[in-house]
Amino acid sequence: MTFPLTSFPRAFRRAASLGLLSIAPPAFSQVVVTTPSTAVGLPAVTVTGTREQALLSETPASVGTIQTAAIRDTGPMHPGQILGQVPGVAVAVTNGEGHTTAIRQPFTTSPVYLFLEDGIPVRATGFFNHNALYEVNIPMAGGLEVVRGPGTSLYGSDAIGGIVNILSKAPGVMPELLLSAEAGSFGVWRLMASGSSPFTENGAFRADLNLTHNDGWRNKTAYDRQSLNLRWDKTVDADTTLKAILGVSKIDQETGANSALVFSDYLNNPTKNNFPIAYRKVEALRFSFEYSRKFGDGMLSVIPYYRDNSMELFATFNLSSDPRIDNGENVSYGALVKWRQIFPMMRARLIGGLDFDYSPGSRQEDNVLVTRSGTGANTLYSAYTAGTRIYDYEVTFKSTSPYLHGEISPTSKLRLTGGLRYDTLGFDMTNRLGAGTVQASVLGANRFYGQIAADKTTYSRVSPKFGATYALARNTHLYASYNQGFRGPSEGQLYRAGNDTNATNALNKARITLGLKPIKAEQFELGLRGEIARWSYNVVAYDLVKRDDLVSQRDLATNVSTSVNAGKTQHKGIEVGFGGKFTDQLQIDTAFSYARHRYIDWVTATASFSGRQIESAPGIITSTRLTWRPLPAAMAQVEWTHLGSYWLEAGNSPAFGKYPGHNLFNLRTSFAITKNFSVIGRVINVLDKRFADSASVSSNTPVFSPGLPRGFYGGIETRW
């Protein structure tokens, strides 16, 4: 399934048509700031908590940071191998770099997380993709920041469970070139090249290339990626800086790795794949240009951006109910405009801004006729032919969002913050198929898909936040906050209502779905962070409640079952981060969380789950790393990750029980043979533990998606 090192066809054609690739590269000074990598200790600043550089000690939010050195030591092949270093964060594998995420939420594919690159959303809100982190070049990032809990007051829709911000690596002040090559078990290889050089006066340029291939350890689960990142920085004068970023990714994968198996196959035949025909092909391009200028105690920042996303998907999760091939694409034209003013009195700071996004897109979906054998959870889908076109529409997402953020220090120890954001989101859809229904054969049965000729939908929401930090001592800080969040429906939720057995019901279902409203959330949290000698810590307790969540219910007027805003859930827990040095050579870092996720009001068309624990919601998530550096040139690290047990289904039935959780151990080493040449090695799942990336109930049977067995990986790295 490998593909040649060709250009990125659609993305580069778009870029060239806009003239993006012909811009003379103005180099940019580093506006996004990360602190120097240290072995231990809390970072001094964060850029995600307030959308610009701020002291972490004065930021009333749960911000976890992963710096460049940690990314390099880890060498992640998947986002889950690095993001779990932040307390309360777990990322599970679906296939390749595909993922489901759990941050103050169960493992989910729902749009409750916001993924950013240097503060700019990776995708438009209306076109959310839970796998969006694979569109970003994480192994070559300059740093990662995760804000747990709602961040809507600054970032808008989707920022409910958390925000993941990937920070690009800034160009160096001196010329450098770094090349690395890795290979390992299951046909894995990766080539990465990174170069940086001064470019014009007071400017610099950086390029990063990532080529990755994986044969897959299960049948028909190969994966390829090509990623290229370019960044130019320039300091125009003492008050003016510029930054431009171009990121392009192409991904081609066979998506059967999350093929769930009955327990006997999970234990004895884990390479089996019941969905070998499924696939995913992704192209993504992001370009942004930042202008930043100081005016005395004020600063203006203007960031126009452009995105181009396309995906062809034959999904495993539809094969047993509604098999179809989905072709979706959208482009985005947007801008982030911000003014920051500092006032001497009480160290006050005021940030006001306007976010604008205009994202036209389209979707075509074709029903698929599949060849299958077996029954229930053991059904094998082995071949397919294209059937009837069931969806074909154009849709434009638009958002305009002014916001205001303020900070003030009534005393030297106390700092108060507050913010307010007003989001206006809208969709404008035109259906190429017209009004009515489309008839298709679905798994041998005659089904109908309701069609709405056109639709214009607008949502608006005001989101406040309040917070405070208090210095109990020089290196000990208490913080508290209240935040609201929301997420608007995606275009797929609004305009793909699904099928029904008769035309009237299908049309009613399509009409009812247009009434979906945003899901709302609010959170209280209280935290403490600080440093004692060579040790650092952070502890936070939170209580997050979601309202108007989507629940499948039967409409009394039409007798049709569809999703409605009728659910309420509660998510509460404690997160702990701890790190320090036993000696100059030996250090430990731990991320721990305990949480309970519960249905408060959750009545579906078939049952009531109110009061039950939410499925796929582990209570305990832990990651601990013990790192030994006997010499400046040598490093050895052992990592223990623990995922707690969780229910397989919403009813919490003892008949199905729980997934018991698992413990995994990983080993990483590196050694610099010379100043310019290093060798690296990793063993993933050292004890060859059988574990599940996900577990659930299918066809009234517990099923498990087996995780990666023991794998050995090695590589070399050279720099000039």
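Visitor: How many salt bridges does a search of the whole structure find?

Guide: The search finds 49 salt bridges, a salt bridge being a side-chain nitrogen of Lys or Arg within 4 Å of a carboxyl oxygen of Asp or Glu. This is a predicted model, in which local features need pLDDT of at least 70 and side-chain atom pairs count only at pLDDT 80 or more, while totals for chains, interfaces and linings use all residues. Residues are numbered from 1 along each chain as its sequence is written, and side-chain values use heavy atoms, with hydrogens and water left out.

Visitor: OK, which residue does Glu-525 form a salt bridge with?

Guide: Its partner is Arg-104, and the closest N and O atoms are 3.1 Å apart. Because Glu-525 lies in strand S27 (residues 519-532) and Arg-104 in the loop between strand S5 (99-103) and strand S6 (113-117), the pair ties together parts that are 421 residues apart in sequence. Strands (E, at least two residues) and helices (H or I, at least four) are DSSP runs, numbered from the N terminus.

Visitor: And are Glu-525 and Arg-104 buried or exposed?

Guide: Both Glu-525 and Arg-104 are buried, where buried means under 20% relative accessible area, exposed over 50% and partly exposed in between, with a 1.4 Å probe and protein chains only.

Visitor: What about Lys-243, where does that one lie?

Guide: Lys-243 lies in strand S14 (residues 240-253) and forms a salt bridge with Asp-118, with 3.3 Å between the closest N and O atoms. Since Asp-118 is in the loop between S6 and strand S7 (120-121), this pair ties together parts that are 125 residues apart in sequence. Lys-243 is buried at a relative accessible area of 3%, and Asp-118 is buried at 9%.

Visitor: Switching topic: what is the strand order in the open sheet of 3 strands?

Guide: The order is S22-S23-S26, with antiparallel pairing, and two strands pair if DSSP finds at least two bridges between them. Strand S22 (436-442) and strand S26 (499-500) are the edge strands, each pairing on one side only. Strand S23 (residues 445-451) pairs with S26 over 2 bridges in the antiparallel sense, and Asp-500 in S26 is the bridge partner of Phe-448.

Visitor: Which helix packs on the sheet?

Guide: That is helix H7 (residues 503-513), which touches S22, S23 and S26, contact meaning heavy atoms within 4.5 Å. The direction of H7 makes about 35° with that of S23; axes are lines fitted to C-alpha atoms, for helices over the stretch in contact, and angles run from 0 to 180 degrees between N-to-C directions.
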